[in-house]
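I am opening my notebook on one helix and the strands around it.

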Amino acid sequence: LDIISETVRFNNYQTHFTLNNGSTKWLVFNFYFDELHQYIEGSVVDVSDIQKASNALRKSEEKYKLMYEESNDAILILDGSRVIDVNRRGMQIFGIPKEQFLDLDLWSLSLTDSEELRNQIKLYTTKLRQVGNVKFNWVFKGRYNSIEAEVAIVELVIGKQMLHQCVIHDITEKNNSIRALERSTKNFESV
């Protein structure tokens with residue numbers, strides 16, 4: 001009341017109260033002090049549901065960001081085939097700092113370039129446009145060696161913008177283990 005009488009107007013003051021039953025009510029106050037009649041006029045709006053939704057959204061965003069940044073897979077956000085964001089793992093396996101990664105073309109990360117690969121890219125791009133997602137295996141240039149990867153690209157709508165999330169799952173070690181097992185099996189069979 002002292003604040004209201006000193007300032008005459010009191011807008012969008014948000015606070016919360018804990019009720020006896022343990023629930024919390026979030027309220028927004030808007031008051032006007034009518035000095036002529038010595039009345040306080042205004043409104044109180046219960047924004048508890050909005051506050052709960054806002055908190056839930058913030059937690060969801062934090063959870064997504066944690067999954068995005070701490071994933072064991074490289075995750076790229078693409079505008080067309082241009083990289084506009086990359087997670088920590090992507091920077092690690094490709095050995096490229098974020099500033100240099102941004103605006104790279106996904107396909108420029110390929111280990112080799114050939115007419116056959118360009119034709120495969122066209123097929124994957126067409127399928128992505130038609131179906132909204134595509135999965136394939138690809139070989140990329142890594143920081144230290146080539147990266148054999150399972151790649152999944154899905155549509156991602158952010159606001160009104162159509163983007164794509166590209167998840168690159170490194171299967172190099174798995175494939176190396178399979179090849180080593182196959183070699184040892186062949187060696188054993190030849191003995």
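I found Leu117, Ile121, Tyr124 and Leu128 buried in H5. They cover an arc of only 70 degrees around the axis, which puts them on the same side of H5. The arc is that of the directions from the helix axis to the C-beta atoms.

Two notes on the source. The model is predicted, so local features need pLDDT of at least 70 and side-chain atom pairs count only at pLDDT 80 or more, while totals for chains, interfaces and linings use all residues. Residues are numbered from 1 along each chain as its sequence is written, and side-chain values use heavy atoms, leaving out hydrogens and water.

Next I looked at the face of H5 turned away from its buried side. There I found the exposed residues Glu116, Lys122, Leu123, Arg129 and Gln130.

What do the buried residues of H5 pack against? I found strand S6 (133-141), strand S7 (146-158) and strand S8 (161-170). Contact here means heavy atoms within 4.5 Å. Helices (H or I, at least four residues) and strands (E, at least two) are DSSP runs, numbered from the N terminus.

I checked the length of H5. Its 17 residues (115-131) should span 24 Å at 1.5 Å a residue, and the end C-alpha atoms are 24 Å apart, which agrees. The expected span is 1.5 Å times one less than the number of residues. After H5 comes Gly132, with a positive phi near 95 degrees.

Then I followed the strands. Two strands pair if DSSP finds at least two bridges between them. S6 and S7 are antiparallel over nine bridges, and a hairpin of four residues joins them. Lys141 stands opposite Ser146 in S7.

S7 and S8 are also antiparallel, over ten bridges. Glu155 has His164 in S8 as its bridge partner. Their hairpin has two residues between the strands, and Gly159 takes a positive phi near 65 degrees there.

Last, I turned to strand S4 (residues 74-79). Is S4 largely enclosed or largely open? Five of its six residues are buried, so S4 is largely enclosed by the rest of the structure. S4 pairs antiparallel with S8 over five bridges.

Terms used: Buried < 20%, exposed > 50% of the residue type's maximum accessible area, 1.4 Å probe, protein only.
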